[in-house]
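Notebook open, structure on screen. I'm writing down what I looked up, entry by entry.

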Amino acid sequence: MRTSLLLLSGLISFVMVASAANFNQDIDVTWGDGRGKILENGNLLTLTLDKFSGSGFQSKNQYLFGKIDMNIKLVPGNSAGTVTTYYLRSEGSTWDEIDFEFLGNLSGDPYIVHTNVYTQGKGDKEQQFYLWFDPTKDFHTYSLLWNPQRIIFSVDGTPIREFKDLETTGVAFPKSQPMRVYSSLWNADDWATRGGLVKTDWSKAPFTAAYRNYKADACVWSSGKSSCSSTSPSQNSWLSQELDITSQEKLKWVQKNYMIYNYCTDTKRFPQGLPKECTAP
């Protein structure tokens with residue numbers, strides 16, 4: 001009985017640690033000269049952009065596979081020219097990367113959610129979406145699931161994109177380089193809004209994005225080793241997670257109603273033929 005209680009106590013402690021992520025413990029604000037702030041005892045993080053600089057942060061840990069959740073409230077009002085990023089990226093010149101980018105717009109016009117996947121420094125796998133809500137009014141959960149079989153981008157638990165491991169057909173897939181979580185708020189008015197036609201209105205500065213509830217159910221990579229044990233995969237169900245029938249239907253709904261660009265249908269961009277993953281079953 002005593003052993004059972006100790007095990008239960010340990011499990012409860014583990015769950016509490018896993019769910020009560022704290023920005024002070026898990027995140028380093030890496031640039032912005034004070035424009036990135038951790039507030040409310042580590043429960044809130046804000047990034048600010050003004051005419052002189054943006055700001056950004058990164059996770060203290062590196063991960064080799066994981067499910068990363070972040071609650072984000074995007075820049076409100078006239079956010080044209082600004083870009084809020086949230087992504088996983090490895091180091092080096094042949095990096096891997098899994099990207100969420102939120103492209104600001106004029107007041108009343110929708111944000112564009114830009115997604116991409118890089119492997120060995122090569123991307124060109126863009127898909128873009130509108131959202132079915134105003135992402136500036138409240139916090140919403142943006143999730144990146146990365147396991148050895150697939151990458152799933154989700155918003156409030158609804159999948160918007162899946163990128164599968166198709167290495168057997170010659171399509172590269174990120175699976176060997178550990179990545180950190182990064183986020184930034186910066187000025188990109190040379191391309192972000194209507195291809196750079198709409199510039200940032202600095203009279204509306206400073207621009208601020210807010211973050212809460214960072215959660216990394218992930219395999220921490222440290223000193224060349226993973227924290228995940230191959231002998232207890234049940235503790236990390238996301239390592240083999242896939243889209244069930246309901247999730248597949250949600251994905252189809254999003255892609256039918258809210259997708260605004262898909263590299264896999266851009267025949268003008270790929271006159272020699274679409275990338276292999278676009279024609280895979």
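Salt bridges come up first, so here is the rule I used: a side-chain nitrogen of Lys or Arg within 4 Å of a carboxyl oxygen of Asp or Glu. Before going on, I note that this is a predicted model, where local features need pLDDT of at least 70, side-chain atom pairs count only at pLDDT 80 or more, and totals for chains, interfaces and linings use all residues. Residues are numbered from 1 along each chain as its sequence is written, and side-chain values use heavy atoms, with hydrogens and water left out.

**Entry: salt bridges**

I get 17 salt bridges by that rule. I looked up Arg 269, which bridges to Asp 124 with 3.5 Å between the closest N and O atoms. Arg 269 is in the loop between S16 and H4, Asp 124 is in the loop between S8 and strand S9 (127–129), and so the bridge ties together parts 145 residues apart in sequence. For the element names I rely on DSSP runs numbered from the N terminus: helices are H or I of at least four residues, strands are E of at least two.

How accessible are the two partners? Arg 269 is partly exposed at a relative accessible area of 32%, and Asp 124 is partly exposed too, at 34%. My cut-offs here are buried for under 20% relative accessible area, exposed for over 50% and partly exposed in between, with a 1.4 Å probe and protein chains only.

Next I checked Lys 60, whose side chain meets that of Asp 28 in a salt bridge at 2.6 Å, N to O. Lys 60 sits in the loop between strand S4 (55–59) and strand S5 (62–73), while Asp 28 belongs to strand S1 (residues 27–31), so this bridge ties together parts 32 residues apart in sequence. Lys 60 comes out partly exposed at 33%, and Asp 28 is partly exposed at 31%.

Lys 252 is exposed at 53%, whereas Glu 249 is partly exposed at 44%. I also followed shared partners: Lys 122, Asp 124, Glu 126 and Arg 269 are joined into one network by their salt bridges.

**Entry: disulfides**

How many disulfides does a search of the whole structure find? I get two, taking a disulfide as a pair of cysteine sulfur atoms within 2.5 Å. Counting bonded cysteines along the chain, I read the pattern as 1-2, 3-4.

Cys 219 and Cys 228 make one of them, sulfur atoms 2.0 Å apart. The torsion about their S-S bond is about -100 degrees, so I call this disulfide left-handed. Cys 219 and Cys 228 are both buried.

Cys 264 is joined to Cys 278, S to S 2.0 Å. I have -75 degrees about that S-S bond, and the link is left-handed. It connects distant parts of the chain, 14 residues apart: Cys 264 is in the loop between strand S16 (259–262) and helix H4 (276–279), and Cys 278 is in helix H4. Cys 264 is buried, at 16% relative accessible area.

**Entry: aromatics**

I find 16 aromatic pairs in the structure. For a pair, the ring centres of Phe, Tyr and Trp (its six-membered ring) lie within 6.5 Å; planes under 30 degrees apart are stacked, over 60 edge-to-face and the rest tilted.

Phe 65 and Trp 146 have ring centres 4.9 Å apart and planes at 55 degrees, so I log them as tilted. Phe 65 is in strand S5 and Trp 146 in strand S10 (residues 140–146), so the pair ties together parts 81 residues apart in sequence. I find both Phe 65 and Trp 146 buried.

Phe 100 and Phe 102 have ring centres 5.7 Å apart and planes at 15 degrees, so that pair is stacked. Both are buried. I then traced one aromatic cluster, made up of Tyr 86, Phe 100, Phe 102, Tyr 142 and Phe 153.

**Entry: Asn 105**

I looked up Asn 105 because UniProt's unreviewed entry lists it as "glycosylation site"; the positions follow the numbering used here, feature names are shortened, and annotations may be inferred rather than shown by experiment. Is Asn 105 buried or exposed? It is buried, with a relative accessible area of 12%. Asn 105 falls in the loop between strand S7 (97–103) and strand S8 (112–118).
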